[in-house]
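Hello,

Here is the structure I promised to pass on to you. Please open it alongside this email, and my notes will follow below.

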Amino acid sequence: MALDAQTVREPLEIKQQKRGDLVAEAIKRLITEGNLLPGDRLPREVELQQMFGVSKSTIREALKSLEVQGLIKVSTGPSGGGMVVEVPLDRTFQLMQNYLFFKEVSIDDIYTVRQLLEPELAAGAVPHLTEADFAALENNMTCCSPASHDRHELLRQRQADVDFHDILAAANPNSFLRFTCELVNEMIRQLIVFGNETPRREHEKFGTANVNIHRAITDAARAGDAERVRELMHFHMQEARTYIKRMNGKLRGRLILDSDIADMQQRVRSQLGGNAAPVTRGKRAGAKVAQTDASAAPKRAARKATTTAPARKRRTKAS
């Protein structure tokens, strides 16, 4: 389509980024090129002001933007400021659910993905499972055994069933596969609801089937039989899909609020009575943090020593 003369004569409006957004991008570059790790602190606000030549309010706007994105945590006080953190899975899930709010996603869609990924996740975890992991798996099966006659308790147990898969995920060294499966698990835990007309008997049968297959998977994993674990998990995904559809499972299609996530976490913690799965993830995370604390300085020094001269120049320029 040709442009007329009037259109050409009129200046095009080019939207410029806000100064706070530009500073937030520069701080991201600082984190990336400086190879900062979770727990590392950013320069103080006054230092960032001098570094970028902007006002205190602009720095605070930039830090707040990064905090909302989950990249840093900002504290106040004399020793306050920005600290690099890992982006929480809960925040990532919330953003994903906001995106999917306008999409058509069914339980079949979710289980098609699970059936492809969960068997590989479980099989890949087998060589890395520790005694603490097996203890967590055993505790989860005990907590999820459907002995209760209270329908709400049975629903909570079905949500806690997913923690079994999170324990396996935490042991798998493939971080991208682990991340993807944990996101799907969180979707199942928070979004799948069942019709009120579903008989309690169906909930009990589903719970019993879950515990039985989880037992078989655990035994095969303890025997070190990764191929058997893969086969059992594939069957488990098919069986779970069938049960959920029989029980009139539906997706609760709406935006996820911060309060929803907090409430769900509290229900899972109280249900597990000791927080088996999250404790396992916490122990792994704790071990990683301890290792980082012990060797963070040498590692950062080594990385900075290998940083190329052009990269250092770019960082100085960005500053």
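Below is what I found, going from the whole chain to single residues.

Please keep in mind that this is a predicted model. The chain holds 14 helices and four strands. Of its 319 residues, 39% count as buried. Among contacts with a separation of 6 or more, 77% join residues 24 or more positions apart.

The largest nonpolar core has 39 residues, and Tyr111, Leu168 and Ile217 have the most contacts inside it. Several elements supply at least two residues each to this core, including helix 5 (89-100), helix 6 (107-125), helix 8 (151-171), helix 10 (200-222) and strand 3 (192-194). Helix 11 gives the most, with seven residues.

Which residues of helix 7 are buried? They are Asp133, Phe134, Ala136, Leu137, Asn140, Met141, Cys143 and Cys144. As background, an α-helix has 3.6 residues a turn, so residues three or four places apart point the same way.

A helix pair comes next. The axes of helix 3 (residues 45-52) and helix 4 (residues 56-68) come within 9 Å and cross at roughly 105°. Angles of 65 to 115 degrees count as roughly perpendicular, so helix 3 is roughly perpendicular to helix 4. On the helix 3 side, the contact is made by Glu45, Leu48, Gln49 and Phe52, while helix 4 brings Lys56, Ile59, Arg60 and Leu63.

Finally, a loop residue. Glu86 sits in the loop between strand 2 (81-84) and helix 5. Is Glu86 buried or exposed? Its relative accessibility is 55%, and exposed means over 50%, so Glu86 counts as exposed. The C-alpha atoms of Glu86 and Ile72 are separated by 7.8 Å, with the two residues 14 apart along the chain.

Definitions and conventions
Residues are numbered from 1 along each chain as its sequence is written. This is a predicted model: local features need pLDDT of at least 70, side-chain atom pairs count only at pLDDT 80 or more; totals for chains, interfaces and linings use all residues. Side-chain values use heavy atoms; hydrogens and water are left out. Buried means under 20% relative accessible area, exposed over 50%, partly exposed in between (1.4 Å probe, protein chains only). Contact means heavy atoms within 4.5 Å. A nonpolar core is a set of buried Ala, Val, Leu, Ile, Met, Phe, Trp, Tyr and Cys residues joined through side-chain atoms within 4.5 Å. Axes are lines fitted to C-alpha atoms, for helices over the stretch in contact, and angles run from 0 to 180 degrees between N-to-C directions. Angles under 35 degrees count as roughly parallel, over 145 as roughly antiparallel, 65 to 115 as roughly perpendicular and the rest as oblique.
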